[in-house]
Amino acid sequence: MSKTSFHDQFAYRHIGPNQDDLNAMLQTIGVDSLDALIDQTIPPHIRLHNPLNLPPAQTEYEYLREIKEVASLNKVFKSYIGMGYYPTITPSVILRNIFQNPGWYTQYTPYQAEISQGRLEALLNFQTAVIDLTGLPIANASLLDEGTAAAEAMAMFYGIKNKRAKDNPARTFFVDNNVFDQTIEVLRSRAEPQQINIVVGDWKTYEFGDDTFGVLLQYPGKDGKVEDYRSFVEKAREHEVYVTVAADLLSLALLTPPGEWGADCVVGNTQRFGVPMGYGGPHAAYFATKEGFKRQMPGRIIGVSKDANGNPALRMALQTREQHIRREKATSNICTAQALLAIMAGMYAAWHGPTGLRRIAERIHAFAQILDANLQRLGFRQMNEHYFDTLSIEVSDEEKSRIKYLANANEVNFYYEGNRIGIALDETVCEEDIDLIFTIFNEVKNASESVDFTEKESPNLPTALIRTSAYLTHPVFNAYHTETKMMRYIKRLENRDLSLMHAMIPLGSCTMKLNAATELLPVSFPEFANIHPFVPAEQAAGYHEIFRELESYLCEITGFSACSLQPNSGAQGEFAGLSVIRAYHQARGEGHRNVALIPSSAHGTNPASAVMAGMKVVVVKCDDQGNIDVEDLRAKATQYSDTLAALMVTYPSTHGVFETKIQEICQIIHDHGGKVYMDGANMNAQVGLTNPATIGADVCHLNLHKTFAIP
């Protein structure tokens, strides 16, 4: 090493074994060198012959310096866009002691309850907060995002409604046109393979037919309107139609919860409970439903039990309904979820408690009322009779153009749609923010008014929908309202968990990962944390530079031609990959190809995802060592040759073995018109040594929380 080069190389600091450790391990297993071990492990015919064409490695100092420059390309405007994403205040005690604490972000899925009691309690807090606020008796420990949660509700009720009507199933799912656009798009993607018919329309005029099995409403609506759906829900009940409501969880501090007016399921996002927007995620979604649906609901559920000594203990409950046990018969392919962010949201509820949460909601609503009155005083028409935090301002084309120009000049983002402008307020808003918004509209009217900050005496909510029931009554939400108490509570829970702070976690590829502090620090940078996902692209130039670079790096690593960063979990990556294969066959006029061959050793998400993608699962035998039985594969590929869509294969296998016949396996599938989907859960064993394209795969997902360091 040159005297002028940095001593602190990333690999030296973060790859645990040093040369002495490596030599001892090699001696123990009887191999002369690491290269010799690799030669014995990975079949030579799939080895790469050239190094990856990637930029040279950086030191941590160089990386942080560069990422700060990239972050500066993002422009942090004040965003009032709403649509499910809002600026929020992350309490410093939570930011410091959870979000930036490796005792919380290096843990593994709590399969082993005895080393996960702290995290399980934190997730139970999350569930309890969701249960209280939604008015329903059971909730899971988070899902991936609001759109996915709505789609899971749709799938759950489709299965329940049609359990005994498989010959003539009800296929129509009605979605009100005031549901968030991004949610509707996710619903359509999930509905099409299941032949579910999505009907988008106005709830006030929708006529239930025998084919309708479920409906989805937004509360408040995407335009901010608060409507009384009770008569519609009663009508749905008369027709035995299930009702899902996508609700703003913070608004439920003031509004009557959907569970109290008949909803069967309530879903949504907990982002505004102290989790930064982060250009769209990740955030923890929530899913609450009735007791009778608990065995069909998706995701993890934390339950209270007793240990061998009769003491209270927590564990993951009702696991027999999950994909790792039910496989292709599972109700969902959801495996993990946004646990770290759910923990933050639950702690936000504990930090503020019922009084604090209500005060935050009341403050936001009060500012919305003040802004409403002042804009109407200028002559603008506010279109929402009732609202929580979002105003809908009617404007002419000329006014909209002028407002957009002035807002941009003042680094302010509104939501523009047709002849209206949406203004969604949040907990970060202060008087000077209201004053600036008013100034923009004031200038458009060529007026010289000033803001009247007189507060309204009563809320602008429907009288019948003003919440009267109590929430967050458990002691955990009423005991930790000083920093010292909250800090000690968080530390107490942290010490009841096993993380990389305590030891390595030898549970397979899922835990062979690195969460370097330097990699995670930029997530907290305001230039990344405070960007709304719907800002104009030029305000997120830094993000897009990262996207372009990461896509090119991942293409080089996998050997593929293109990469999507859209899926937000391994299970979603599976669904996305199989959807690509399905679309490929349809584009070639072979939409009848719907058989997925899956080895018996595969992870449970594989068959569950295949069913979600509209495929029929055929299991391929494995030998006693877990290797694919090639002759059984060949026989089944031949048997289903006319309808074969794909093989799902994990490489190295779930047993950690590089099967020597993998190229032959892929060729068998290709010879019968199918495509090979590779589960990239074990990609960390391939990087730089082989790749999916060389092996013969056509599509592959990568788990960023395994190979590429995210929590």
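## Ground rules

Because the model is predicted, local features need pLDDT of at least 70 and side-chain atom pairs count only at pLDDT 80 or more, while totals for chains, interfaces and linings use all residues. Residues are numbered from 1 along each chain as its sequence is written, and side-chain values use heavy atoms, with hydrogens and water left out.

The chain is divided into domain 1 (113-350) and domain 2 (541-708), with bounds that come from an automatic or database domain assignment. Their C-alpha centres lie 29 Å apart.

Across the interface, 20 residues of domain 1 are in contact with 24 residues of domain 2 (contact means heavy atoms within 4.5 Å). The two domains bury about 1800 Å² between them, 53% of it on carbon and sulfur atoms; this is the accessible area (1.4 Å probe) lost on putting the two parts together, summed over both. The count of salt bridges between the domains is one, where a salt bridge is a side-chain nitrogen of Lys or Arg within 4 Å of a carboxyl oxygen of Asp or Glu.

## Helix H15

Helices (H or I, at least four residues) and strands (E, at least two) are DSSP runs, numbered from the N terminus. H15 covers residues 483-494, and its 12 residues reach 16 Å from first C-alpha to last, close to the expected 16 Å (1.5 Å times one less than the number of residues).

Which residues of H15 are buried? They are Met 486, Tyr 489, Ile 490, Leu 493 and Glu 494, buried meaning under 20% relative accessible area, exposed over 50% and partly exposed in between (1.4 Å probe, protein chains only). Seen down the axis of H15, these buried residues fall within an arc of 135°, so they line one face of the helix; the arc is taken from the directions from the helix axis to the C-beta atoms. Their cover includes helices H5 (92-99), H6 (102-105), H7 (117-134) and H12 (339-377).

## Backbone spots to check

Two cis peptide bonds are worth a look. One joins Gly 281 and Pro 282, with omega about 5°, and Pro 282 is in the loop between strands E7 (265-269) and E8 (285-289). Another runs from Tyr 651 to Pro 652, with omega near -15°.

Positive phi turns up in non-glycine residues too. Glu 411 has phi near 55° and is partly exposed at 45% relative accessibility. Asn 446 has a phi of about 55° and is exposed at 72%, in the loop between helix H14 (431-444) and H15.
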